[in-house]
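Reader: I am new to this structure and would like to learn how to read it. Please show it to me, and then take the features one at a time.

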Amino acid sequence: MSDKLSALDGQVQKGMRVLDFGSGPSEDVYEYVRYFEANYYALDNSRQVQMLLEEKGIRCIDLAFLKSTDMKFDIIFMSSVFHELLSYLSRNEAANTMNVVLSHLSENGKLIIRDWCAPEDKTLARVEVIPKKIEEVKQWIKELSEHAIFLSEVVVKGNTIQASVDDLYNILLHVTWGQQSILRESNESYLVDSASIKQFILNGNQNIKLVSQRAYYQSDYTNYLSNYFKDVEIFVKQYHICTKQVLVLQKA
Ligand SMILES: C[S@@+](CC[C@H](N)C(=O)[O-])C[C@H]1O[C@@H](n2cnc3c(N)ncnc32)[C@H](O)[C@@H]1O
């Protein structure tokens with residue numbers, strides 16, 4: 001089972017309504033949900049994604065449709081979407097989107113969020129870049145800086161980057177996408193911290209409870225990271241770096 005689908009492990013039951021919010025074009029969740037004889041709904045605001053899904057015979061709704069219906073869902077799955085809401089939308093737009101999502105959960109319904117993590121560590125640390133990759137890494141740092149992704153100063157001296165663990169987290173995980181993704185991904189912060197979860201999901205919503213939270217490091221990242229950084233495993237271990245978290249929230 002893929003890492004993405006394992007976030008749904010044990011959750012889907014026959015007859016449930018499952019909304020895949022920010023579904024992307026893949027049919028993996030669709031097939032998984034149908035396997036359990038549950039009902040799948042995709043939602044994505046990208047016209048391209050909507051068309052790709054329609055070509056596969058999967059109907060894709062948008063936020064306007066969701067707002068117009070009183071349909072409730074037993075599970076709303078948001079895989080790698082929450083950090084995009086935080087990165088691309090204003091505070092009010094992100095709050096409004098999450099309020100719409102929460103209002104469409106049925107009683108005892110679950111919101112399952114799978115996304116990046118956040119070390120939540122302001123300690124200054126250093127990472128050494130493999131010399132032949134330094135120009136590429138510097139390009140990422142420049143773009144991330146221009147998009148106001150960093151929380152504190154990032155200093156590059158020779159092949160060494162000195163920054164807070166949180167900022168290094170953003171640099172390390174962005175770089176693994178490769179140079180061709182700089183323009184797209186440098187718009188996004190990968191820090192999904194407890195403050196944003198409180199602010200946009202829990203805060204003021206007394207009927208939403210955090211049922212479980214699991215953060216983990218996906219070991220295949222070591223291969224990607226080692227192409228760019230020296231002794232990356234030491235950094236990952238020392239600062240307890242996680243590449244994903246799965247949050248399960250339930251409506252009372
Ligand atoms: C990184 S992709 C994740 C796709 C899929 N959930 C996965 O994990 O493979 C994020 C998706 O969320 C969609 N998205 C981003 N912001 C959205 C919003 N405000 N409303 C609906 N969809 C959104 C994007 O179009 C994109 O398809």
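Author: Start with contacts: two residues are in contact if their C-beta atoms, placed from the backbone, lie within 7 Å. In this chain, among contacts between residues at least 6 apart in sequence, 71% join residues at least 24 apart. This is a predicted model, in which local features need pLDDT of at least 70, side-chain atom pairs count only at pLDDT 80 or more, and totals for chains, interfaces and linings use all residues. Residues are numbered from 1 along each chain as its sequence is written.

Reader: How many helices and strands does the chain have?

Author: Helices (H or I, at least four residues) and strands (E, at least two) are DSSP runs, numbered from the N terminus. The chain has twelve helices and ten strands. Its radius of gyration, taken over C-alpha atoms, is 19 Å, close to the 18 Å of the globule rule (2.2 Å times the number of residues to the power 0.38) for 252 residues, so the chain is as compact as a globular protein of that length.

Reader: Which strand pairs with β1, and in what sense?

Author: Two strands pair if DSSP finds at least two bridges between them. Strand β1 (residues 17–21) pairs with β2 in the parallel sense, over five bridges. Arg 17 has Asn 39 in β2 as its bridge partner.

Reader: Is strand β2 mostly covered or mostly exposed?

Author: A residue is buried if 20 or more other C-beta atoms, placed from the backbone, lie within 10 Å of its own. In β2 (residues 39–43), four of the five residues are buried. Of the 252 residues of the chain, 34% count as buried.

Conventions: Buried ≥ 20, exposed ≤ 12 C-beta atoms within 10 Å, placed from the backbone.
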